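Dear colleague,

I am handing over the structure below, and I would be grateful if you could look through it alongside the notes that follow.

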Amino acid sequence: MRFEPLGQKMFTRRNWLLRCSILINVAVLLYIGSHVMIGGGNNFTSGGGFLLQEQQQQQQPVPSALQASSLPTPKNVNSEAAFVEEKLIPAGTGNANSEPAAAAALPSPGVSDSAGLSAILSDPGQVVGNIGVAGSSSAATELNNTQSDGYIVTGDEKELDERVRTLLNCYEHDYNQQTLQRGDFWVLQNYVRADHGELKCHESITYTTHADYTFLDNLVPLLERWNAPISIAMHAPGTDFQPTLDSIKYLRDCVPGNQLVRAFATFHVYFGTKHIPKSVPKAQDALKTGYNCSLPAPYFNVSSGHLYKAQKKLLYPVNVGRNIARDAALTHFILASDIELYPNPGLVKKFLEMIARNEQYLRRKAPRVFPLSIFEVDENSPVPHDKTELQEFLRNGKAIPFHKRVCASCHGVPKSKEWMAANETDELSVFHIGKRTGYYVHWEPIYIGTHADPHYDERLSWEGKSDKMTQGYSLCVLDYEFHILDNAFLVHKPGIKVLKKDNRRAMLAGKTNQLIRKIIYPELKIMYGMRKGCAI
């Protein structure tokens, strides 16, 4: 018989015990694992369920606006375009808007468009203009529904007025005549006032614009379609002042449609401190002496070369005029545009009715503006009155998108092809929510906005081009949404623009680009911050 040493025997026993312990641990782990797979591990299975739910959301199509029960009745056939949120680029840092407003929550890059749209729509936000009461609803309801909060437009003007007033809760502006200094310019604010007198901030929209007196032949055609307040800043340096004042008198007293000018047009006059006219009547005396209506219009057959501005080789301070007209507007909503751009008739009333309906997309938190699609028509064509007529012009080649032959990317509107294909409806609403990013990073939208929106940079001139680019960049960095209106548009005074060689403007444009790149852009980064996807 063979005897093992005691130490070796103990070592063998420990080895077996170790092996048994390992086997037992493996068995326990297998048991727990099988229990989890069957469904006992709540934490794990709920996590898997969340991932599965995300995948299901990605497979679900974004609900079309055609499914919403409150959408307007089409004039011809149902619109084939849907109200869909454009895919957003994740934001970097940036300051909030100066008016009370919260930035919208952007969808995560890993979440589908439909999930992102649901997340954004489910955030309770304030009414349009970022001033007023908040609205909220369940995410499921908001994702599938663009219904209003119960208000129905009945046609009762007093009821509509009270509804808009309550929603906006906006600030009133005075209508005083003032002489002001604005940088290197003297400003005669409200120099010739419209007969409408004081306006409540909620009761209309003001078309704000700028011009020298040679462009005033556009005023009556514009008013015939707008039929609402216009705030116009007139550049009148030196000897341009008197024909400017005479043109205002002529429009108020002599032209067919002069009652529209009297009722709605308020004129401000501005000129450089180094180019003050020899005589400037006080505002109360400006219209004491009438204009002889047997004489031709002061602006008739006058070329820009005859202007004092041209003789002194002055640049046209386009953004000074834009800001003067905008700041003097009495209403909360303003359409900052150019005097040669004519809106489709009935826009003001339909826009305010849209505000009154206060649908879900108007209760989002992000700051917003309402861009209008812009078109040109050939010289011998009338200006289309509604979208149906515009579509016919586009089909037969009488109309084209604005600046298509000059700078197509500057005025390319997101979902423009879908917009042009969609049929006109009886009401005004938001067709698409876009951003100034990607292909549209150089977009210069013209839009209905508010006094809260950034001003235009007054160091930029018309001759140097890019005069709206820096403001567009500011809107992007501040995370503005662009709520593109479905049945609203602007048409340029008849005549298709083509690119013309202008050596002076090319030289000035180069200088402007240097100013923007070296001075203005660094300033904007400091003042507003930066955001991924935004550029000038």
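**A pocket and some aromatic contacts**

The second largest pocket has a volume of about 430 Å³, a volume being the space filled by probe spheres set on grid points joined across faces, edges and corners. A pocket here is an open set of points on a 1 Å grid over the protein atoms alone, where a 1.4 Å probe fits, with protein on both sides within 12 Å along at least five of seven lines, and lining residues have an atom within 4 Å of a point.

This is a predicted model, in which local features need pLDDT of at least 70 and side-chain atom pairs count only at pLDDT 80 or more, while totals for chains, interfaces and linings use all residues. Residues are numbered from 1 along each chain as its sequence is written, and side-chain values use heavy atoms, with hydrogens and water left out.

The lining of this second largest pocket comprises 21 residues, and D184, F185, L314, L315 and P317 lie nearest the centre.

Across the whole structure, a search finds 13 aromatic pairs, meaning rings of Phe, Tyr and Trp (its six-membered ring) whose centres lie within 6.5 Å, with planes under 30 degrees apart counted as stacked, over 60 as edge-to-face and the rest as tilted. The rings of Y250 and Y299 are edge-to-face, because their centres are 6.0 Å apart and their planes stand at 85 degrees. Elsewhere, Y439, Y440, W443 and F482 form one aromatic cluster.
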